[in-house]
Structures are given as C-alpha cells and as structure tokens.
Amino acid sequence: MSRIMMTAVLLPLLFPASPAPEFNKTYSNPVLVQTFAINRPAPAPYAGTLGIGDPAVIYHGGRYYLYPTGDNHSYDVYISDDLVHWTRGPKVFQSSERGVWAPEVFFNNDDGVFYLYYTANGRIGVATADRPDGVFRDLGLLISSGIDAHLFRDDDGRYFLYYARYPDFAIFVQPMESPLRKKGAPVKLFSPAEPWEKKDVPVTEAPWMIKHKGVYYLLYSGGSADSEDYAIGYATAKNPRGPFTKYRGNPVVHKGDGVFGPGHVSVIRDQAGQLWMVYHQQKDETRGWNRIICIDPLWFDRKGVLHGKASRLTSRPAPVTAGGPAK
C-alpha cells in the first residue's frame with residue numbers, strides 16, 4: 001500500500017467525523033421555573049409571588065412553543081428544541097387588565113394563522129398572529145363567562161372550543177364554524193361532583209381533548225388550583241359534544257412522591273409518537289400559586305385506559321426529538 005493510500009485510511013481513524021448532535025437522553029422535573037410578583041384585584045384577588053403555570057404547547061417548524069400564565073397582564077412565549085430546555089422568547093400578547101391567565105394557541109393549517117385564546121378576568125377572547133412568536137392582535141371577546149379555552153379540530157375538520165364556565169367551573173363545549181365564529185349554542189358536559197374535584201373548592205377546569213382509536217378523551221383538572229390536592233382526570237365520549245363519562249379511576253395524575261398539585265395539562269407528541277403531558281406542579285405543599293412547569297409521559301393500555309404519573313427530581317427517559325415530525 002502506498003504512503004498516500006495508507007494516510008487516507010488512517011485519517012478517518014485519527015480524526016473521526018464529529019457525531020451528530022444529540023439532545024439529552026434523560027430529564028428531570030421541573031423543566032421551567034420562573035416567578036412573578038403580582039397584585040391582582042379581580043376576579044380572584046391575590047397579591048404575592050406567582051409561579052409560571054397553565055402551560056399550552058404547540059409544535060411548529062421543528063420547534064416547541066410554550067405559552068403559560070405569567071405576570072397576569074401579558075403572555076411571553078418560551079421556545080425549545082427538545083421539550084426539556086426552554087428559552088424565554090418575546091412578549092406575544094399584552095392586556096391593559098390584570099387577571100390574564102391560561103392562554104391557548106392553535107395553528108390553523110387552512111389559513112396559516114395562529115389563534116390565541118386568552119382568559120381575562122373570567123372572559124375568553126381571541127387574538128391572531130402570523131407566526132408563533134409574533135405579536136397577537138386582539139380581535140375581542142368570544143365567551144363572556146369562561147376561562148381555560150382549548151380549541152380542538154376533529155379529523156373531519158369540525159372545530160370545538162372547550163372551556164370552563166366561570167365562576168361555577170362547569171365544563172362546556174362551544175361548536176365552532178371556524179376558529180373565530182361560533183356555531184350554535186354551547187353544550188354543558190359536566191360539573192364538579194366527585195370528592196377529589198370538590199376538595200376545598202368545587203372545580204373542573206383546564207379541558208384538553210385528545211382522540212384515540214375513535215374515542216374522545218377530555219382531560220381536565222379538579223380541586224383547588226392553589227393547593228397540593230389539585231389533580232388531573234379525564235372523561236370519554238364517542239362524540240366531541242358528549243355525553244362524556246368520567247373515568248372511575250380518576251384522578252389519574254395526582255400528588256405523591258414529592259409531587260404537589262399537578263394540573264392544567266396540555267398534550268403534545270414527540271417525534272417518536274409518544275404522548276407527553278406538559279403541566280404545572282406546586283413547588284411545595286404551601287397554599288398559593290408558586291408553580292413550576294413539568295413534563296411526563298402519557299400512555300394508553302390495551303383496554304384504552306389513559307395513564308400518567310407526575311415526577312419530581314427523578315431521572316426519566318427524555319422525549320425523542322429527532323427523526324420525524326411531531327404532531
């Protein structure tokens with residue numbers, strides 16, 4: 001073998017090609033912590049420290065975008081490549097009111113528009129932008145007595161806006177002609193009735209819809225949102241308008257093993273198709289609003305039962321964020 005040929009063979013061994021960058025293969029909660037000093041006179045008066053919470057997550061253009069409750073009069077967006085490491089992005093919505101929380105963002109493939117459903121003092125409004133980190137333009141009121149909006153688009157193209165009526169915390173669905181226009185009257189789905197939903201204060205809120213093998217799974221949170229007993233359950237139906245039956249094993253995600261008050265879940269898939277719940281926990285058992293953002297897997301068993309388990313400070317396999325598009 002010539003010296004030139006030998007050098008060509010040895011070079012890859014001496015200087016191996018740089019491996020493709022990989023995201024961490026494990027993670028531990030929390031994945032995002034931030035606090036704000038607030039003074040909210042209404043509709044639920046509170047003065048003190050508020051931890052970031054009520055997250056809604058979308059995937060667009062190869063990145064994840066998280067929209068949480070923050071300073072109570074505006075929304076910032078947080079951006080991630082892997083659902084674990086988050087960078088605070090720009091302010092995407094600003095209100096003159098105090099009492100702004102629980103945003104939801106929906107991207108409509110038909111018109112390429114991002115729709116922000118915001119809660120302001122017990123009312124739901126809508127705003128639009130042409131990019132996920134752009135400034136959303138307020139288009140006004142949509143629901144006069146409601147919080148925690150979530151827009152779901154079914155496989156047949158129909159739109160449904162789920163929300164909690166305020167202040168009685170019954171879950172409703174509003175059929176929609178489009179992301180902006182209502183279609184008919186809202187339908188009441190259920191109210192707080194189970195013991196875990198009525199802990200301290202009767203609450204069912206934060207609806208989030210997923211569809212699995214033709215069945216509609218409506219996740220929701222129950223109990224006092226500022227307590228360690230806040231938890232996540234779900235109800236199922238064969239139609240997005242119901243009737244819904246609450247799972248008898250609720251709550252499926254609850255306190256324990258160093259976890260306090262897990263709730264207000266949104267759901268996203270990683271690139272391997274695994275479902276992930278993005279939600280908040282209370283920092284500790286102290287009553288208040290000092291929340292932290294966490295992620296954990298959701299999964300269905302062979303009988304169609306939905307499972308999840310909240311974790312804290314425990315190393316777990318991280319989301320798969322390379323190899324295909326998330327949905």
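Predicted model: local features only at pLDDT ≥ 70, side-chain atom pairs only at ≥ 80, totals over all residues.
I started with the second largest pocket: 25 residues line it, and A44, F169, E205, A225 and W289 are the ones nearest its centre. Two or more lining residues come from each of β3 (46–51), β8 (100–108) and β12. I looked up the volume, and it is about 430 Å³. By class, the lining splits into 14 nonpolar, 4 polar and 7 charged residues.

Numbering runs from 1 along each chain as its sequence is written, and side-chain values use heavy atoms, with hydrogens and water left out.

Pocket terms: on a 1 Å grid over the protein atoms alone, a pocket is an open set of points where a 1.4 Å probe fits, with protein on both sides within 12 Å along at least five of seven lines, and lining residues have an atom within 4 Å of a point. The volume is the space filled by probe spheres set on the points, which are joined across faces, edges and corners.

Next, aromatics. I get 14 aromatic pairs (ring centres of Phe, Tyr or the six-membered Trp ring within 6.5 Å; planes under 30 degrees apart are stacked, over 60 edge-to-face, the rest tilted). Y27 and W276 pair edge-to-face, at 5.7 Å centre to centre with 70° between the planes. This pair links distant parts of the chain, Y27 in strand β1 (residues 26–27) and W276 in strand β21 (residues 275–282), 249 residues apart. Strands here are DSSP E runs of at least two residues, numbered from the N terminus. Y27 is buried at 3% relative accessibility and W276 is buried at 2% (buried is under 20% relative accessible area, 1.4 Å probe, protein chains only).

F152 and Y216 also pair edge-to-face, at 6.2 Å and 90°. F152 sits in strand β12 (residues 146–153) and Y216 in strand β17 (residues 215–222), 64 residues apart. Both are buried. I also noted one aromatic cluster made of Y217, Y234, Y247 and F300.

Last, S311, in the loop between β23 (306–308) and β24 (316–317). Buried or exposed? S311 is buried, at 7% relative accessible area. Its side chain makes polar contacts with those of N29 at 3.1 Å and D296 at 2.8 Å (N or O atoms within 3.5 Å, one able to donate a hydrogen and the other to accept it; sequence neighbours count only if both atoms are side-chain atoms). Leaving out residues up to four places away in sequence, S311 touches Y27, N29, V259, Y279, Q281, D296 and R316 (heavy atoms within 4.5 Å).

Terms used: Helix = DSSP H or I, 4+ residues; strand = E, 2+ residues; numbered from the N terminus. Buried < 20%, exposed > 50% of the residue type's maximum accessible area, 1.4 Å probe, protein only. Nonpolar A, V, L, I, M, F, W, Y, C, P; charged D, E, K, R; others polar.
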